[in-house]
Amino acid sequence: MQGLIQVAGVIDQAEADLIREEGADWLGFALRLPAKNEDLSEADAAAIVKEIQPEHRGVVITYLTDAEEIKTFCEELGVTAIQLHGDVTGEELRKLRRIAPDLYVLKSLVVKQDNLDELTTIVDEAAEWVDMFITDTFNPATGAKGATGLLHDWSISAELVRISPKPLMLAGGLNPDNVAAAITEVRPAAVDAHTGLEDPVTRRKDRTKVRKFVQEARRAFAELERGAKA
Ligand SMILES: O=C(O)c1ccccc1N[C@@H]1O[C@H](COP(=O)(O)O)[C@@H](O)[C@H]1O
């Protein structure tokens, strides 16, 4: 699982193809969000997921918090991984593991200014029931907990990497120009980006940005591994 690259916010088949062609591992589909501002329909997402080959993986990014609803939704879409950005309780995470033991669960840790203690408690309570954590940035101006395009204090994510018994994916404002530095500083198992890979005018993924993001991330992960072996 070390050195994994996810690109989030898939809009359509062409974008999914672009992301796979440029070498990212996982594709994130943002669905069932509170503001109902999804980029694609659930039917379109299911059709794209169906075509994803085993070397890649479709991940649903959502604010759902009810274990039964999450399980049913994943089955409907045909996905085997879910990224939970809502305030899902430990009880629901435990239930989800019980009713969907093969579902790969990522739990978000929303980084604010001074909430390391709060996030540490979430890691302690949730680690048994999830497969990976993802740190993402809170935007106090909008209340958004993901796809903000904003960086957060990487020292918080680095500390969470140190204390977490489960691997951690770093997200929040990553782009081709900062992903290598982020990997070097935080030492995550995975990275993930959405808005930093888009063309600002069309709001679609920019092939050159996705390519450079993947290249830079692969290079930085390889350096980490070399350092770990030395
Ligand atoms: O991708 C989305 O639309 C989304 C919506 C709601 C919550 C999370 C979402 N995406 C996640 O946020 C990170 C960071 O985004 P950005 O790079 O800062 O724009 C993204 O990678 C998704 O995992």
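By class, the shell around the ligand has 8 nonpolar, 11 polar and 3 charged residues. Here Ala, Val, Leu, Ile, Met, Phe, Trp, Tyr, Cys and Pro count as nonpolar, Asp, Glu, Lys and Arg as charged, and the others, Gly among them, as polar.

A quick word on what you're looking at: this is a predicted model, where local features need pLDDT of at least 70, side-chain atom pairs count only at pLDDT 80 or more, and totals for chains, interfaces and linings use all residues. Numbering starts from 1 along each chain as its sequence is written.

Back to the ligand. Of the 22 residues around it, Ala-8, Ala-30, Gly-146, Ala-147 and Thr-195 come nearest (a residue is near if its C-beta atom, placed from the backbone, lies within 6 Å). Strands E2 (26–30) and E8 (190–193) each give at least two residues to this shell. Helices (H or I, at least four residues) and strands (E, at least two) are DSSP runs, numbered from the N terminus.

Those two strands belong to a closed barrel of 8 strands, running E1-E2-E3-E4-E5-E6-E7-E8 with parallel pairing. On average, neighbouring strands of this sheet are turned by 25° against each other, direction ignored. Strands pair if DSSP finds at least two bridges between them; E3 (residues 57–62) and E4 (residues 81–84), which run parallel, are joined by 4 bridges. Thr-62, for instance, has Leu-84 in E4 as its bridge partner.

Now for the helices. Two packed helices are described by the angle between their axes and the distance between the axes. The axes are lines fitted to C-alpha atoms, for helices over the stretch in contact, and angles run from 0 to 180 degrees between N-to-C directions.

| Helix pair | Axes come within | Crossing angle |
|---|---|---|
| H5 (residues 116–126) and H6 (residues 154–163) | 11 Å | roughly 30° |
| H7 (residues 179–186) and H8 (residues 207–229) | 8 Å | roughly 25° |

H7 is therefore roughly parallel to H8, a label for angles under 35 degrees. Val-179, Ala-180, Ile-183 and Thr-184 of H7 meet H8 residues including Phe-213, Glu-216 and Arg-219; contact needs C-beta atoms, placed from the backbone, within 7 Å. This H7 and H8 contact divides into 8 nonpolar, 1 polar and 2 charged residues.

H5 and H6 are therefore roughly parallel to each other too. Their contact is made by Leu-116, Leu-119, Thr-120 and Val-123 of H5 with Ile-156, Glu-159, Leu-160 and Ile-163 of H6. By class, that gives 6 nonpolar, 1 polar and 1 charged residues.

Methods
Angles under 35 degrees count as roughly parallel, over 145 as roughly antiparallel, 65 to 115 as roughly perpendicular and the rest as oblique. Two residues are in contact if their C-beta atoms, placed from the backbone, lie within 7 Å.
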